[in-house]
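Please look over the assembly shown below before reading on. The report then takes up its protein contact, its DNA surfaces and some of its secondary structure.

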Number of protein chains: 2
Amino acid sequence: MKVNPGDLRRVNVFRDASDEDLKLFIENSVLRSIEEGEFFFFQGDPATYFYVLITGRAKLLQTNPTGQQVNLRTINEWQMFGALGAVRENAVYPATAQALESSAALAVESSFLKEMMQTRPDLNLNLMQLMTGYIMEMQERYRELATERVERRIALTVLRLAAQIGKRISNEEMIVELPLSRQDMAEASGTTIFTVSRVLADWERRGLVEAGRERVVIRNPHGLVQISEGLDQ
Amino acid sequence: MKVNPGDLRRVNVFRDASDEDLKLFIENSVLRSIEEGEFFFFQGDPATYFYVLITGRAKLLQTNPTGQQVNLRTINEWQMFGALGAVRENAVYPATAQALESSAALAVESSFLKEMMQTRPDLNLNLMQLMTGYIMEMQERYRELATERVERRIALTVLRLAAQIGKRISNEEMIVELPLSRQDMAEASGTTIFTVSRVLADWERRGLVEAGRERVVIRNPHGLVQISEGLDQ
DNA sequence: TTTGTTATTTGCGCTAGCGCAAAGAGGGAT
DNA sequence: ATCCCTCTTTGCGCTAGCGCAAATAACAAA
């Protein structure tokens, strides 16, 4: 596979970059391809590289001392991840990045990005916009976890994931497919596979979703929104 | 009250700023003093100003549609908050800022900071370090809320708050006082005042803390660390 | 000192959601 | 077609933690 500079402009952080800069990035990058389930990096590794996902999907997860996992974020094509090392000295990744399907990503040394940012205000601003987006999302999710019942949290999670990584399978209707297991959804909404399974079974009975093996199809997004806002029943 | 440029260097984001820049910031600022319980800004307000807390303590909180609150962060003297507007067009504050005690803060227009960042790489880097710090903290707290039992979460919360806003009341021992109500602690650890009260009563019996009205004194930080790591019993 | 207000404690009952265990189902490989 | 592996479902019992209500304590104001 070959990535050309124009493609890189689909990365939000690079949207205002010059052609020369994009070329420089590519010249300083290595393409890493990994299979489903494999890892780009682990929580605690020195954050020497940042990545741009070119194909596939990945997730960022954290593990607690007893090994329980939570999913922090899902990563789609042309998204940057692991850029922390460009901002902090001797940083380690605060999360693990695992491929949800077989994926390829450009790896670039963090120090290269740091260097570049010294003289490109746009790059700074765009990266800060990415960061503030994460902050706002995490704050929201934290509030949800602290205050919402599990069914609502699962609805909010599924809707968020649909927006982030969902594939539309019909153009007219808003029917979206998510390639996620019950485990993935449980880890993203702070509950257990059992509860996710029961909630999805209920939604399926009500015609809101189709629940398959490692897959959910959203048939009625509006119904889910209603659940997420507590307007149902 | 008067703030002089040298003071401002205690603000992490401004640590590398020139004297002239600091003077400029102060000239473009307004000092806002508010009483305990009052607000610097509300979730949803246009993020036109950012603030630097000069005296007092404040908290950032979010409210869900039914009015339940969660505390996202506590703010100490010489910390910047509400800087989102310098990064995003037409941003609104994603959280409410409320004074925990009577407080004063410098308010500066976000556009001024944005302007300034165009030509000061240091300012950018420092602000990004602040942002990555928040991201890491929120990710951690999210994981804790998703995976840890309530006693452990409260221990983690109390320890974190002690580091952020605790006042040492003895130099030899690590005895720290927190000016927080049960309600504050409940909102910061994702539980209820009843549970916080019961847990603190238990810790008091075990000699770990002293629990007063709107106040906790940590007598044995190490014991709390043990609880937070599940090493007790 | 008295009174009013607000924060905290504690008993008590309840239930949302956890998590085991066993059965069932989907999909790939041979 | 069959086997095997992994993912999912569902019944079931249990308990951590919620949340009401009433008592108590701390503080402030008069």
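Predicted model: local features only at pLDDT ≥ 70, side-chain atom pairs only at ≥ 80, totals over all residues.

Residues are numbered from 1 along each chain as its sequence is written, and chains are lettered from A and ligands numbered from 1 in the order in which they are written.

**A helix of chain B**

Helix α8 of chain B spans residues 221-228, and among its residues L224(B), I227(B) and S228(B) are buried, a residue being called buried if 20 or more other C-beta atoms, placed from the backbone, lie within 10 Å of its own. These three lie on the same side of α8(B) because they cover an arc of only 100° around the axis, the arc being that of the directions from the helix axis to the C-beta atoms. In general, an α-helix has 3.6 residues a turn, so residues three or four places apart point the same way. The buried residues of α8(B) pack against α5 (150-165) and β12 (215-218) of chain B, where contact requires that the C-beta atoms of two residues, placed from the backbone, lie within 7 Å. After α8(B) comes G230(B), which has a positive phi near 75°.

**The sheet of chain A**

In chain A, four strands make an open, antiparallel sheet in the order β9-β10-β12-β11, with two strands counted as paired if DSSP finds at least two bridges between them. Its edge strands are β9 (167-168) and β11 (209-212), each of which pairs on one side only. Two antiparallel bridges join β9(A) to β10(A), residues 176-178, and K167(A) has E177(A) as its bridge partner in β10(A). Between β11(A) and β12(A) there are four bridges, again in the antiparallel sense, and V209(A) stands opposite I218(A) of β12(A). The hairpin formed by β11(A) and β12(A) has two residues between the strands, and E214(A) in the turn has a positive phi of about 50°. Helix α7 of chain A (residues 193-205) lies across β11 and β12 (215-218) of that chain and runs at about 135° to β11(A); axes are lines fitted to C-alpha atoms, for helices over the stretch in contact, and angles run from 0 to 180 degrees between N-to-C directions.

**The contact between the protein chains**

Chain A and chain B each bring 32 residues to their contact. On the chain A side, β5 (69-75) and α4 (121-147) each supply at least two residues, and α4(A) gives the most, with 19 residues. That side divides into 19 nonpolar, ten polar and three charged residues, where Ala, Val, Leu, Ile, Met, Phe, Trp, Tyr, Cys and Pro count as nonpolar, Asp, Glu, Lys and Arg as charged, and the others, Gly among them, as polar.

**The surfaces near DNA**

A residue is taken as near a strand if its C-beta atom, placed from the backbone, lies within 6 Å of it.

| DNA strand | Residues around it | Closest residues |
|---|---|---|
| D | 21 residues | S181(A), S197(A), R149(B), V150(B), T195(B) |
| C | 21 residues | R149(A), T195(A), S181(B), R182(B), S197(B) |

Near DNA strand D, at least two residues each come from α6 (182-189) and α7 of chain A and from α5 and α7 (193-205) of chain B, with α7(A) giving the most, six residues. For DNA strand C, the largest share, six residues, comes from α7(B).

Methods
Buried ≥ 20, exposed ≤ 12 C-beta atoms within 10 Å, placed from the backbone.
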